[in-house]
Structures are given as structure tokens and as C-alpha cells.
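Keep the viewer open and follow along.

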Amino acid sequence: MARQPKLYTRLTRNASGLGVMTSLWLGPDHLMIVRSTGYTENYSRVMLRDIKGHFLTRNDRRTWFAATWAVVAGIAGIVFVVALVNRETPIGSPIFLALGVVGLVWNHLLGPGAKLFVVTGVQTLPVPSLVRLKQARRVLAKLHPLIAAAQADLVAAPPAPPPGPPVLSGP
Amino acid sequence: MTARTALPCPKCSRTLEPVSWRDDAAGTCWRCKADFEFEAFPALTAGRARVAAAAAVVEADSVCFFHATNRAESVCEDCGRLVCPVCTIDFGGKKRCPTCVAATKTSGAEAVVKDRVLYDSLALGLVVIPIFIWPFTLLTAPVAIGFVIYGWKKPNSLVRGSARARLIVAAIFALLQIAAWTVGLTMLANRP
């Protein structure tokens, strides 16, 4: 049996939320946001030709994640130092310290947090799987030519009519 | 700038006033103070080509299936009805008539699917997760088999591959659990 060609191309990996993972996929003529609980999937589509523009806003995601990793690394570091001072052999704390430091570095390398909103004629739709500025710019660079191609046949709005000729009044 | 000023702020959803825009590509909402970048596409300012149907003027003209007075100019790629430009809908990469578009919406076609249940994940979850609280497998293994049978011909996720392999793995695990229970209960019953 011949395999069906893949209809969708993944644009972003899963980004976790509260019990829901979201990802962004590119279809033949539309974007699709997939929200998955692991057992069900929900699909939202945005046609490329309907996208009027997009907003990109920065947020504090990187700061919050840095703070979380710093707390993990800090507590583990204190426990590690106390164990060394007491001439004990620390086992768990170096693991958590390494985890915290790797998390901090990884979070920094991912770049500032951002949120993308796609504007259509009827809504401003957030794209929850795009959470970092670098990632958002990378995906948008892929999408721009596709959106431009999808909207190539749109007719430019007529410009405002020029003022009419001056009315000449005879004697 | 006019089309941009009618846009809502992405954070507070209130309409962006002209004062919120620094230039065509960035600004700060003067109400919620959210900084934003904006990139516009042709759809922001452009309109669509106006669709106008021509009237059938001579008897030899084919007329639209839905409008007896309009001249037909295309054929629905699903049902073959002749339709006028007003009734021609570009949907899912095909030219279709309104009736076929309506039928597509109820047919479960991939272009309109809103959600899917992942029976493979359900079955796999039911055989793997209860291992840590193994007495539950007496109940969950037969339920997993039920999901495998029920989900075998159901459509799977639009974005993941085939579900069959995961369903087979779930069925094997569930059958092993049922076999283990059968052996265990038989040995218990035959114990002198």
C-alpha cells in the first residue's frame, strides 16, 4: 500500500502549558496550531492568505526561567558546600547543581522570551508554541515568502480619489 | 498607517491609537505600555477581487445550478455541477460548489477536522502507567484491548504518523498482562 504524503510540516516543537502541549505546523495553504493533551488533539487553522500581519511582543519568560534555575542551582550549591565543609561525600547535590547550571546556560542561549500574535480579519490569535524571540524570527523568516505568495493575487485597495478639477465659472 | 491604527493591542486587546505607533513596524500601547513589533502583509490593506456573475443572455448559455439567471463559468470538481463565479468556492485546493463544501464539513475530511482522539496513546497509557500500581492492570488491560479494537480503524492524529504500530505494542502488552493474571489466578486456585 502506497504511503500517503505528509500533509503537514512541523514548524515548532511542543511547548508545554498547563496540561496541554502546543505545536505549530505548516499545511499546504494554512498554519495549524495543535493543542494536545497526549490523548486528544485540537486543531486551529489560519489560512496564509487571511493573515494581515503579526505582532511580536517580548515577555519575561527568560527572566523567570533563569530565576527558577538559579534557585535550583543555589540551593544545591549550598548543600554541596555544606557537605564538603563537613567532610561528607555529596551525591545528590552535585547532580542538582549541574542540572541548575546547565538549565541556566541553556535558558540564556535560547534568547529572550517573546509571544507571537497572528492578525486576521476576525481575530488576533496567539501562537503559544513560539516562546522565544530567536525561534519566532526563524519561523517567521520561513513563513514570510509563503504568505507573500499566498497573497500575491490580492488587489491593492483603490487610492483616495484625487480632488476634482477646479470649476471654472464664466463671466 | 490608517489600517494599522484599527488593530487591537496584542496584550490588552484595546484598539491601538495613532499615538501608540512609533513607526510602521513598532510601537507601544499607550494604555497598557506593551511594546510590540508589527509586520504587515498585503491582506492588511488589499481587498479581494470583486466577484460578479454574468447573466445568461442566449438560450445556448449554460446556467448556474443555483442561479437560473447566471451564466455558468466553472464546474464543481466534486459533483460536476455547473456554477457561476458567485457559487464557486476555492476550498481545500479545489473549486467546489456550496453544497459540496457543506458536505465536506460533515464528512470528517482532513481540511475541516477540529479534533481527534488518540486511541493509540490511550491504549498505550492504559498498559504502561498502571504497571506502577500493578493490581489495576486486571482492569486496565482488557480496557486497553477494547481501545485497540475500537481505535484500529479510527482516523489518527493529523500530524503524527500511523497509529497501528503503537496499537500493536499496546495490544501485546495488554495480552501479556492478561496472560500473567490468568496464570497467577490459575496457580492460586490450584494451590492445595
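Start with β6(A) and strand β2 (residues 35–40) of chain B, which pair in the antiparallel sense over four bridges. Two strands count as paired here if DSSP finds at least two bridges between them. Helices (H or I, at least four residues) and strands (E, at least two) are DSSP runs, numbered from the N terminus. For a landmark, look for A:Gly53, which stands opposite B:Ala40 in β2(B).

Before going further, a word on what you're looking at. This is a predicted model, where local features need pLDDT of at least 70, side-chain atom pairs count only at pLDDT 80 or more, and totals for chains, interfaces and linings use all residues. Residues are numbered from 1 along each chain as its sequence is written, while chains are lettered from A and ligands numbered from 1 in the order in which they are written.

Now zoom out from that pair. It belongs to an open sheet of five strands, in the order β8(A)-β7(A)-β6(A)-β2(B)-β1(B), with antiparallel pairing. At the edges sit β8 (124–127) of chain A and β1 (26–28) of chain B, each pairing on one side only. From one strand to the next, the twist averages 30°, with axes taken as lines fitted to C-alpha atoms (for helices over the stretch in contact) and angles running from 0 to 180 degrees between N-to-C directions.

The chains meet elsewhere too. β5(A) pairs with strand β7 (residues 115–117) of chain B, antiparallel, over three bridges. Here A:Asn42 has B:Asp115 as its bridge partner, and A:Glu41 has B:Arg116. Back within chain A, seven bridges join β5 (residues 40–47) to β4 (residues 30–36), again antiparallel, and A:Ile33 is bridged to A:Ser44. These two strands form a hairpin with three residues between them, and A:Gly38 in the turn has a positive phi of about 100°.

How many residues does each chain bring to the contact between A and B? Chain A has 31 residues in contact with 34 of chain B, where contact means that the C-beta atoms, placed from the backbone, lie within 7 Å. β6(A) gives the most to chain A's side, with six residues. By class, that side has 17 nonpolar, eight polar and six charged residues. Nonpolar means Ala, Val, Leu, Ile, Met, Phe, Trp, Tyr, Cys and Pro, charged means Asp, Glu, Lys and Arg, and the others, Gly among them, are polar.

What about the interior? The largest nonpolar core has 35 residues, and A:Leu24 and A:Leu116 have the most contacts inside it. Such a core is a set of buried Ala, Val, Leu, Ile, Met, Phe, Trp, Tyr and Cys residues joined through C-beta atoms within 7 Å. A residue is buried if 20 or more other C-beta atoms lie within 10 Å of its own, with C-beta atoms placed from the backbone (exposed is 12 or fewer, partly exposed in between). Two or more residues of this core come from each of β3 (21–26), β4, β6, β7 and α3 (133–150) of chain A, and from β2 of chain B.

A second, separate core of 16 residues includes B:Ala170 and B:Ala171. Both are among the buried residues of α5(B), which pack against α3 (119–128) and α4 (137–151) of chain B.

Terms used:
Two residues are in contact if their C-beta atoms, placed from the backbone, lie within 7 Å.
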